[in-house]
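Here are some notes for a colleague who has not looked at this structure before. The points can be read alongside the sequence and the model.

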Amino acid sequence: DRLATTVAAELRFLPIEAKAEILASSPVDIAARLDELVAFQSFMEQVQAAKPHPAFVRAQVLYQNYVCFVYLGEACFRILAKSAPAGSASRKTSRFLTDNPVRAFRNAIAHGNWTYNSDFTGLVFWARKGSDPSEPLSQFEVSQDELNFWQSLARCVGYAAYLHVRSGAG
């Protein structure tokens with residue numbers, strides 16, 4: 001709760017120019033982006049409330065990783081890492097969510113280079129360690145606990161950003 005409150009306060013008090021830059025960074029209206037996050041949250045709650053079939057759990061894993069790392073990474077975290085005040089929690093969390101190891105995981109999700117580990121307690125993925133396209137893919141593993149943290153952080157920052165940039169943008 002404290003991180004969400006801190007990020008929300010930082011973004012609420014961003015200069016109008018910084019908010020305008022964030023809003024202008026995407027052709028998709030920020031209200032539509034917030035609607036997608038709300039729909040995503042509803043889906044997650046419905047799946048959690050049911051005793052879902054394994055196929056639904058697998059769909060949930062894919063959907064959650066796409067929203068948290070590809071969708072929000074491109075639509076929110078990259079511009080926040082640039083526009084949020086230096087040293088702020090908003091900038092630090094956005095950079096964390098767009099740098100390795102999360103960046104490598106995001107790329108693996110976007111390119112289909114991932115699978116469950118042998119006991120389903122995490123995911124194995126393949127990505128480049130750097131940005132050189134000729135570099136070979138390396139294998140990594142992320143535990144479910146670590147992935148839960150990354151996903152929770154992504155959702156926290158995404159909601160705070162969309163609610164507070166939208167609400168104070170003029």
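1. Is Trp 114 buried or exposed? This is a predicted model, and in it Trp 114 has a relative accessibility of 18%. The cut-off for buried is under 20%, so Trp 114 counts as buried.

2. Trp 114 is part of strand 1. Leaving aside residues up to four places away in sequence, Trp 114 touches Val 61, Leu 62, Ala 108, Ile 109, Leu 123, Val 124, Phe 125 and Trp 126. Glu 141 is 27 residues from Trp 114 along the chain, and the C-alpha atoms of the two are separated by 9.3 Å.

3. Three strands form an open sheet in the order 1-2-3, and the pairing is antiparallel. Strand 1 (114–116) and strand 3 (138–143) are the edge strands, each pairing on one side only. From one strand to the next, the twist averages 25°.

4. Strand 2 (residues 122–127) pairs with strand 3 in the antiparallel sense, over 6 bridges. Within these strands, Gly 122 stands opposite Ser 143 of strand 3. In general, the strands of a sheet pair through backbone hydrogen bonds.

5. Which helices pack on the sheet? Helix 4 (residues 54–83) does, touching strand 1 and strand 2, and its direction makes about 140° with that of strand 1. Helix 6 (residues 102–110) also packs on the sheet; it touches strand 1, strand 2 and strand 3, and its direction makes about 85° with that of strand 2.

6. The aromatic residues deserve a separate point. There are 11 aromatic pairs in the structure. Phe 40 is buried at 1% relative accessibility, whereas Tyr 63 is partly exposed, with a relative accessible area of 28%.

7. How are the rings of Phe 125 and Phe 140 arranged? Their centres are 5.3 Å apart and their planes lie at 20°, so the pair is stacked. Phe 125 belongs to strand 2 and Phe 140 to strand 3, 15 residues apart, and the pair links distant parts of the chain. With a relative accessibility of 2%, Phe 125 counts as buried; Phe 140, at 26%, counts as partly exposed.

8. Phe 125 and Phe 140 also belong to a cluster: ring pairs link them with Phe 69, Phe 105 and Trp 150.

9. Now to helix 1 (residues 2–12), where Val 7, Ala 8, Glu 10 and Leu 11 are buried. Why do these buried residues line one face of the helix? Seen down the axis of helix 1, they fall within an arc of 165°, so they line one face. The face turned away from this buried side carries the exposed residues Arg 2 and Thr 5.

10. Ser 83 is located in helix 4. Its relative accessible area is 11%, so Ser 83 is buried. Not counting residues up to four places away in sequence, Ser 83 touches Leu 14, Ala 18, Glu 21, Ile 22 and Arg 91.

Notes
Residues numbered from 1 in each chain as written. Predicted model: local features only at pLDDT ≥ 70, side-chain atom pairs only at ≥ 80, totals over all residues. Heavy atoms only, no water. Buried < 20%, exposed > 50% of the residue type's maximum accessible area, 1.4 Å probe, protein only. Helix = DSSP H or I, 4+ residues; strand = E, 2+ residues; numbered from the N terminus. Arc of directions from axis to C-beta. Pairing = 2+ DSSP bridges. Axes fitted to C-alpha atoms, helices over the stretch in contact; angles between N-to-C directions. Contact = heavy atoms within 4.5 Å. Phe/Tyr/Trp six-rings, centres within 6.5 Å; stacked < 30°, edge-to-face > 60°.
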